[in-house]
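Work through the following exercises with the sequence and the coordinates at hand, and try each task before reading its solution.

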Number of protein chains: 2
Amino acid sequence: MALDSPLTMKNKTSNQILEAAATAPAEAERPTLKTIAFMAGLGVTTVSRALKDAPEIGQATKNRVQLIAKQIGYRPNRAGVRLRTGKTNVISLVLNAQSEIMGLTSNMVYGISEILSQTPYHLTVTPYSVENDPMQPIRYIVETGSADGIIMSRTEPNDARVRYLTEHGIPFATHGRTEMGIEHPFHDFDNEAFAYLSVRSLLAKGRRKIAMLAGPSPSVTYSRHLERGFSRGIAEGGAGAVTVSGIEVDTSLSRIRDRMEEIMSGSNRPDGIVCCSGSAAIALVAGIEAAGLKIGEDVDLVSKQSTDVLQWFRPQIIVFNEDVRHAGRELARAVLKRIAGTDPRELQSLSYPDENRRDAL
Amino acid sequence: MALDSPLTMKNKTSNQILEAAATAPAEAERPTLKTIAFMAGLGVTTVSRALKDAPEIGQATKNRVQLIAKQIGYRPNRAGVRLRTGKTNVISLVLNAQSEIMGLTSNMVYGISEILSQTPYHLTVTPYSVENDPMQPIRYIVETGSADGIIMSRTEPNDARVRYLTEHGIPFATHGRTEMGIEHPFHDFDNEAFAYLSVRSLLAKGRRKIAMLAGPSPSVTYSRHLERGFSRGIAEGGAGAVTVSGIEVDTSLSRIRDRMEEIMSGSNRPDGIVCCSGSAAIALVAGIEAAGLKIGEDVDLVSKQSTDVLQWFRPQIIVFNEDVRHAGRELARAVLKRIAGTDPRELQSLSYPDENRRDAL
DNA sequence: TCCCAAATCTGAAACGTTACAGGTAGGCTA
DNA sequence: TAGCCTACCTGTAACGTTTCAGATTTGGGA
């Protein structure tokens, strides 16, 4: 067998090509660079470069290689790429398994997938239970290098995960904002605007004693936004705020119902209520009605929702939509761009209740 | 430098070890087998085997290696394993992005994750839109070898995906059954029992003209199960079945509501209704009430639900719970065992309405 | 005629892992 | 003593990709 024998250029048999021939795809094996190299009579290196349009490869060769690749349905082996380059082509969605606000998770997943489906990226989901440290999945992903980017929610004003990821230079985007002087990609629903508009619409209905079901806990940023918008609305309107103690949006639905019944049977009961979650709203209504009151007459209720269930539930509820699917799309776009090197400050976006409302249809 | 010089056994410097020393972890690099090999003064091969308790490695060595590995927090590199063995350590959940029955997706995801979190497996989600061929994501996964196992839903009696995966020998588990003579792992909610029990509970309330909101389409298996259980209940009870035409469980909520209003305003209106989805039930109620009728008085409604919203919505609705999280756990366990080689027939399970009811609390 | 640069292409090495085919030492049997 | 078996460990190669450092050819300038 002539190794590197100086025949004419066209017939020369390089080692790489010989090698490719030796391991020629017996039948229906998944094609690799080697397969293409053999078919094209080129070296593996050349094929690799030709497929990514490298400038040092002749145009004719590129066309030829790309044609072959398309014809035989070549798909780069993810493990090979990942091992060599460290690039995983994976985005990880990290979320809290407990606090599932109706439809939030699924819509988020679908929104993200919509964007990723046009890229080589895959989506993995990494839930963590409440009893565990929220940092745990994050650390796992970073330490094992199992994703190129992370999307996470339930952001806190001073968020340990944001700090950790920033320090480690791992691209990420958060559903929700922070207040720690770190510029990072985020998408958020403007919950302050929502709470403010909610109060205003209650005022417009003549309600004067207004209450709000609090967000998950002051440690989650959007709870503060809600609070701020609520207070501003109350202050501007000169109305009275009634405090709802003992429950918040993450409390179990039955507890919310029971407590609400208590409150609405009490002497200082509110006549207008703001709620930031569709499922909690349903429990609130159950409590209100158990106290013998009627939505739209004795009390008005404004709620945010991410699926269109509330309209059917009680048409009297005033509803603002949060398009979580849209949020998923925004967040996916943001991480991808962050991975590509875009400045974080260009990857921060807000959704407003009104816009969403149109958007959602 | 002495290569393979015959010093004493204890001091011998093998090539692998020298090599490991050459690339010794500068600082805080992720440890690999090489790192451990260097620290233990062993070859990479030995370390690899020691970590998987191979019989040809001395017990003392195994202990030593495993101790080092634990101490320095060794995690096998997934890309390395995958490239070498073809094992991805990934389970892919393939689902339809459109027909989201309230909470189904998220609960499924959480259930699966619960099981996978105790294994090296990651979960990726691959949604497909209705306009696309359901086979497309399946083919993609198989062709690119991007998962070791697949979980999918919306199974059809004669399911092309089931056939394809079986032919290709790819482990999978389905949420729902097929009727094509292929034994494969599945988990299913017994919708026939549900429909049957639903009819019986309506009969027990004295209802005589009973209707059912159909499943997605006869092409999805569980629609047939519903139909079967429904017919059996009707026949046994000697009641009358009222046909609901024009809508099914996947129809948009507003269409369901409108059509329901029509039907309930008609002359031949049913006095008992069976519904297999929580969100559809809400739309049904909206339609019923728009026709001026009252649930629990003029009509009774039985519905399946996968989140506990309906009780709060109208306590009069008779509810059966489907624990989708449990289904997720079952399906995850099933694929894992299938991957391990368990006979498919041992990986088929059903959930019954009653059992679930207890289970769900 | 000779040399150089540009244009294309190439092989070897490496990423981390595992399978395969040894290798060596020590003890046992004949 | 030789031969063999067992217990334990080792190096090499390979999975598919990309990077690095050349090779080779061609054309042009001196």
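**Exercise 1. Determine how many salt bridges join chain A and chain B, and describe the interface between them.**

Between chain A and chain B the count is zero salt bridges, a salt bridge being a side-chain nitrogen of Lys or Arg within 4 Å of a carboxyl oxygen of Asp or Glu. The model is a predicted one, in which local features need pLDDT of at least 70 and side-chain atom pairs count only at pLDDT 80 or more, whereas totals for chains, interfaces and linings use all residues. Residues are numbered from 1 along each chain as its sequence is written, chains are lettered from A and ligands numbered from 1 in the order in which they are written, and side-chain values use heavy atoms, with hydrogens and water left out.

Next, take the contacts (heavy atoms within 4.5 Å): 38 residues of chain A touch 38 residues of chain B. Finally, the buried area, which is the accessible area (1.4 Å probe) that two parts lose on being put together, summed over both, is about 3500 Å² for chain A with chain B, and carbon and sulfur atoms give 66% of it.

**Exercise 2. Find how helix α5 of chain A crosses helix α5 of chain B.**

Begin with the axes, which are lines fitted to C-alpha atoms, for helices over the stretch in contact, with angles from 0 to 180 degrees between N-to-C directions. Helices are DSSP runs (H or I, at least four residues) numbered from the N terminus. The axes of α5(A) and α5(B), each spanning residues 78-85, come within 8 Å and cross at roughly 140°. This angle makes α5(A) oblique to α5(B), because angles under 35 degrees count as roughly parallel, over 145 as roughly antiparallel, 65 to 115 as roughly perpendicular and the rest as oblique.

**Exercise 3. Locate the salt bridge between Arg228(A) and Glu192(A), and state what it ties together.**

Over all chains the count comes to 44 salt bridges. In one of them, the side chains of Arg228(A) and Glu192(A) meet at 3.7 Å, N to O. Arg228(A) lies in helix α10 (residues 221-237) and Glu192(A) in helix α9 (residues 191-204) of chain A, so the pair ties together parts 36 residues apart in sequence.

Methods. Helices (H or I, at least four residues) and strands (E, at least two) are DSSP runs, numbered from the N terminus.
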